[in-house]
Amino acid sequence: MERKLNQLLNFCYFIVFNLLPFLFFPTNIFAIDVSDLQYGSLIGRDISFFEDRDSKYTIADIRANHPNVHFVPSKQETLNFGHTSFSHWLKLDLRNGSPNSTTSILEIDYNNIDEVDFYHPISGETENEYEMFRSGMSYPFHVRKSIHRNFIYKITLQPSEVKTIYLRIRTMGGLILPIHLWNQDDFYLHDSKQMQGLGFYFGIMFVMLIYNLFIFISVKDVSYLYYIGYIFGLSGIQLVLTGLGFQYFWSESPWWQQNLYVIFSSICMSMSLLFAKSFLNIKGLSQKLNLILKMGAALNFLLLPLIFILPRNVNIIVAIVLSVPSIMLAIYAGVFSYLRQYRPARYYLLAFTMLILSGLFVIMKFLNLIESNFFTDYGLYVGSCLEVVLLSFALASRINTIKREKEEAQAKTLEMQKILTESYARFVPRDFLSNLGKESILDVKLGDQIQKEMSVLFSDIRAFTTLSEKMTPAENFNFINSYLSRMSPIIQRNRGFIDKFIGDAVMALFDKSVIDAVRSGIEMQLYLKEYNSYRNNRGYDPIEIGIGIHTGSLMLGTIGAEERLEGTVISDTVNLASRIENLTKIYGSKIAVSEETVAEVKREGSYSFRFLDRVKVKGKMKAVSIYEILDGDEQESKSAKLETKEIYDKAVKLFHEKMYRESKAYFDQVLKVNPKDKVTALYLKRLYALANQVTMRSVSGYANS
């Protein structure tokens, strides 16, 4: 009996909702005329919907007028289904009442929807043929037919044409559907203005975040850190809600778009409570309220691990539910502090009132307590902008107060420290102190040390002793200072620092990048040409320098006694860099580097190099490989070496494989093209010695330096 009654009810529904409209009305009587659209018309009342609780129906079932499918006309301009996890089918009839074809844009001005399937009749096909365009938070952003933060669909109708559009929408959470039908030109004008507004909003938020970050770095007040976290969370919420985050930042990760609202909400609410606790000095006013604020922040933080445990719709509900008491608690803390005559509370309440009111509007919209309107849609942007600006002013005012309190007490100390620092900086590099973790020379103690990976550069003037003998003591010092004053800025410009001057030699350290050391060496060699021109104009002899670079672990620290300290570097890395610089004299190279250094040059790929030799240097049991950087050579020399590099590399490889006859043939080819190649000449000299059976010691290829 009950089964027959259900069948009868289904039949009645079918007659009332599906058959009668076709018998008494033309099929397009309720269709929207797209030729007469108002600016961004909300068409909620022109849409009928069907709630598919089991998400089991397909477009074929919908089009076939399944007996259980009953579309209900909407009574809302903005469809609001509240918190739901069901599928909803929407039906919309459109017609073109003009003599010309039209293109309209259907926009769902709400982007946090898991699944949106848009069904559009295929032109030229039978009435039941539809094509589907799938999008939503469950899919990567690029699958959308139109790349836009909202769901938009272009619909073209020929003169007098009628189309029925279907949408299947499913989400877990609040489902609000402000659906607009636009003239194409009006939409793009509106969208441009809206993007300008959003750009202005996020620009303000970004500036405020950076502004307060710099303040935090400056004053180290934890209130600013909490406030930065709060701005970050609030901005993140807006990036999620506007869809801009999904479009530009995490477009290939639907999981982030589905869960970031909860993550950012957790950060925003917890940081706002911690900020209230710190900024309003709640701990000094009430231990009980201080504990409540800390517990509120902890509860909001617990949302973060819950996203991996609970279903997403549950997390969203929890996040929204927690937001309400968190906001009320932040208000109460401000009022409580204000009533106890804490002056900064005035700024706090003024700034937060705007945001709190707008935030409550948004939450009530999600809870389906009020209709969507201007305040629910845009109030949070205005309120949050005013809030962050006003509260930043309040924080800045607090900085000034703290500054005035400390200014007199610190003035003499700071002045003295400045004088001492500037005096000692001429003897101890600032970078040396920085690597030791010291802000001032006054903080340095005997035994301070650190181990670090660095590149060491040694440079030395060739034949300096001979040159020095021609000059008086005054001329010697003038020459050395003139030379060093020109080379030092090159090292500093490339983020290095000079550890020590050893007569005419320079030892420099580079802790940022190996390439900095190589670039510095190249620039020193290239500048030397200009410096020699300057010397030549004044009647002085030109000079040459050799540069050696090695990269490895070294120890920086202080040695000496309590009354006499000296900063120094201790490491085999330093010794090897010095030995490599000495080898430039033997091989006639301007810049020689170790295998550890050239490995980074290979990866970076900006500079040219070639293998020199495997040599056994003093202090090393095993032979080390050394390379020549070509970019510091004169252009003619560099070009010749690059031209012969392939032949040269074969010759060197054969030499070290003891295939001497074949090696000599290649070296002869190199020398024919580049007669000035000293390295090639050195190898040929060794081959000549081997041919004449000179002792292995004299031809071993190991250079002692």
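What follows is a short chat about the structure shown above.

User: What kind of model is this, and how are residues numbered?

Analyst: It is a predicted model, where local features need pLDDT of at least 70, side-chain atom pairs count only at pLDDT 80 or more, and totals for chains, interfaces and linings use all residues. Residues are numbered from 1 along each chain as its sequence is written, and side-chain values use heavy atoms, with hydrogens and water left out.

User: How many helices and strands are in the protein?

Analyst: The protein has 22 helices and 21 strands. Helices (H or I, at least four residues) and strands (E, at least two) are DSSP runs, numbered from the N terminus.

User: What share of the residues counts as buried?

Analyst: Of the 705 residues, 49% count as buried. Buried means under 20% relative accessible area, exposed means over 50%, and partly exposed is in between (1.4 Å probe, protein chains only).

User: And what about contacts between residues at least 6 apart in sequence?

Analyst: Among those contacts, 72% join residues at least 24 apart. Contact means heavy atoms within 4.5 Å.

User: Which residues touch the most other members of the largest nonpolar core?

Analyst: They are Y227, Y230, I231, Y261, F275, L280 and Y348, in a core of 66 residues. The elements giving two or more residues to this core include α3 (184-219), α4 (222-242), α6 and α12 (374-425). Helix α6 gives the most, with 14 residues. A nonpolar core is a set of buried Ala, Val, Leu, Ile, Met, Phe, Trp, Tyr and Cys residues joined through side-chain atoms within 4.5 Å.

User: What does F275 touch?

Analyst: Leaving out residues up to four places away in sequence, F275 touches S223, Y226, Y227, L280, Y348, F352, L391 and L395. Another core lies apart from the largest one; this other core has 58 residues, among them I490, I515, A651 and L687.

User: Back to α6. What span should it have?

Analyst: Helix α6 covers residues 254-279, and at 1.5 Å a residue its 26 residues should span 38 Å. The end C-alpha atoms are 37 Å apart, which agrees. The expected span is 1.5 Å times one less than the number of residues.

User: Where does α6 bend?

Analyst: It bends by about 45° at L260. The bend at a residue is the angle between axes fitted to the seven residues ending there and the seven starting there.

User: How many of the α6 residues are buried?

Analyst: 24 of its 26 residues are buried, which makes α6 mostly covered. Just after the helix, N281 takes a positive phi of about 55°.

User: Why does C268 count as buried?

Analyst: C268 counts as buried because its relative accessibility is 2%. C385 is also buried, at 12% relative accessibility.

User: How many disulfides does the structure hold?

Analyst: It holds 0 disulfides. A disulfide is a pair of cysteine sulfur atoms within 2.5 Å.

User: Changing topic: how do β15 and β16 pair?

Analyst: Strand β15 (residues 497-502) and β16 pair in the antiparallel sense over 5 bridges. Two strands pair if DSSP finds at least two bridges between them. They form a hairpin with 2 residues between them, and G503 in the turn has a positive phi of about 65°. The bridge partner of I502 is A505 in β16.

User: Which way do the β16 residues point?

Analyst: A505, M507 and L509 point one way, V506, A508 and F510 point the other way, and all are buried.

User: What is the strand order in the open sheet of 4 strands?

Analyst: The order is β2-β13-β7-β10, with antiparallel pairing. The edge strands are β2 (41-42) and β10 (151-157), each pairing on one side only. Strand β7 (residues 102-108) pairs with β10 over 7 bridges, and T103 stands opposite T156 in β10.

User: Where does H180 lie?

Analyst: H180 lies in strand β13 (residues 179-183). At 12% relative accessibility, H180 is buried. Residues touched by H180 include G40, S41, L42 and I105, not counting residues up to four places away in sequence.

User: Last one: which phi does S160 have, positive or negative?

Analyst: S160 has a positive phi of about 65° although it is not a glycine. Most residues other than glycine have a negative phi. S160 is in the loop between β10 and β11 (162-170), and it counts as exposed at 62% relative accessibility. S55 also has a positive phi, of about 50°, without being a glycine. S55 is partly exposed, with a relative accessible area of 32%.
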